[in-house]
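Please find below a colleague's note on the structure shown here. The points are numbered and may be read separately.

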Amino acid sequence: MESLANWIVLLATVIMLVGAVAVLVLQNYLAAVAATSVVSLGAAVIFVVLRAPDVALTEAAVGAGLSGVIMALCLRRLGLHRIEGTAASAPQAGADTDGDS
Amino acid sequence: MTPPDIGLMLFTAAFGLVGIGALGIVMANHLVRIVLSIVLLETGANLLLMLSGYRAGAVAPIIVDGVVPASMVDPVPQALVLTAIVIGVAVQAFMMTLVLRLYTVYGTLDIRELRTHLERDLAKAAGVPLPGSADAPLDVPATVMRKGGS
């Protein structure tokens with residue numbers, strides 16, 4: 001049982017650190033926001049292992065969900081929300097924005 | 001195959017998140033990425049605070065039918081972290097409001113361009129000449145030439 005918890009913590013740690021590096025290196029800002037939500041979900045898993053289910057619930061709902069929604073809406077208003085292409089080539093691209101939802 | 005120590009992994013995750021967040025705050029050039037780095041640093045600090053109340057082999061601090069468990073984790077850091085998560089999201093929303101305002105005023109989010117804009121506006125509002133900055137060597141020859149010519 002304790003060994004299983006250790007493996008879960010190892011997996012969540014690796015996911016969190018990879019997601020944190022991805023926040024810094026990803027060119028697309030929407031992808032960086034998604035990586036931030038992934039880090040928050042890994043933290044929620046670790047909080048469950050640390051015997052704090054209430055904190056895990058809050059971290060998953062507020063830290064991953066609400067903060068991701070706030071950031072995505074702000075990116076939409078800033079004009080950085082396009083999936084296609086990089087942030088530099090996005091403003092002049094008008095025809096290829098039909099695919100994103 | 002034995003897994004590594006749980007405390008070592010948790011401290012690695014917490015300090016790794018704090019380090020990567022601080023690195024992002026220092027190195028990033030875009031304001032949105034700086035806000036995301038602050039969020040990463042917050043998550044790492046919350047994890048570190050949670051680790052202070054953890055006790056191996058303890059149960060969750062939930063009292064059922066008035067029976068207090070013999071060994072339970074400390075509930076005080078949990079309450080603090082619960083508050084800190086919600087406050088962190090509120091502060092993040094406030095930061096994004098400021099970023100939106102900066103974008104509507106200056107039309108850019110690059111901190112190098114924003115610094116020149118802000119320095120010029122601050123100097124104009126204070127009525128003082130522009131302070132010396134990274135682009136001062138471009139201004140000095142022009143001033144010297146103007147003085148030499150007149």
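1. In this predicted model, 44 residues of chain A are in contact with 46 residues of chain B, contact meaning heavy atoms within 4.5 Å. The area buried between chain A and chain B is about 3900 Å², with carbon and sulfur atoms giving 80% of that area; buried area is the accessible area (1.4 Å probe) that two parts lose on being put together, summed over both. On the chain A side, A:Leu50, A:Arg51 and A:Leu78 lose the most area to chain B, together 18% of what that side buries.

2. Conventions are as follows: residues are numbered from 1 along each chain as its sequence is written, while chains are lettered from A and ligands numbered from 1 in the order in which they are written. Local features need pLDDT of at least 70, side-chain atom pairs count only at pLDDT 80 or more, and totals for chains, interfaces and linings use all residues, whereas side-chain values use heavy atoms, with hydrogens and water left out.

3. Between chain A and chain B there are 0 salt bridges, a salt bridge being a side-chain nitrogen of Lys or Arg within 4 Å of a carboxyl oxygen of Asp or Glu. The count of residue pairs in polar contact between chain A and chain B is 5, both residues being at pLDDT 80 or more; such a contact is a pair of N or O atoms within 3.5 Å, where within protein one must be able to donate a hydrogen and the other to accept it, and residues adjacent in sequence count only if both atoms are side-chain atoms.

4. The largest nonpolar core has 55 residues, and A:Phe47, A:Leu50, A:Leu78 and B:Val32 have the most contacts inside it. Such a core is a set of buried Ala, Val, Leu, Ile, Met, Phe, Trp, Tyr and Cys residues joined through side-chain atoms within 4.5 Å. Not counting residues up to four places away in sequence, A:Leu78 touches B:Val32, B:Met96, B:Val99, B:Leu100, B:Tyr103 and B:Leu109.

5. Over all chains the structure holds 1 salt bridge. B:Asp110 forms a salt bridge with B:Arg112, the closest N and O atoms being 3.1 Å apart. B:Asp110 is buried, with a relative accessible area of 17%, and B:Arg112 is exposed, with a relative accessible area of 51%. Buried means under 20% relative accessible area, exposed over 50%, and partly exposed in between (1.4 Å probe, protein chains only).

6. A:Thr58 is buried, with a relative accessible area of 17%. The side chain of A:Thr58 reaches the backbone oxygen of A:Asp54 at 2.9 Å.
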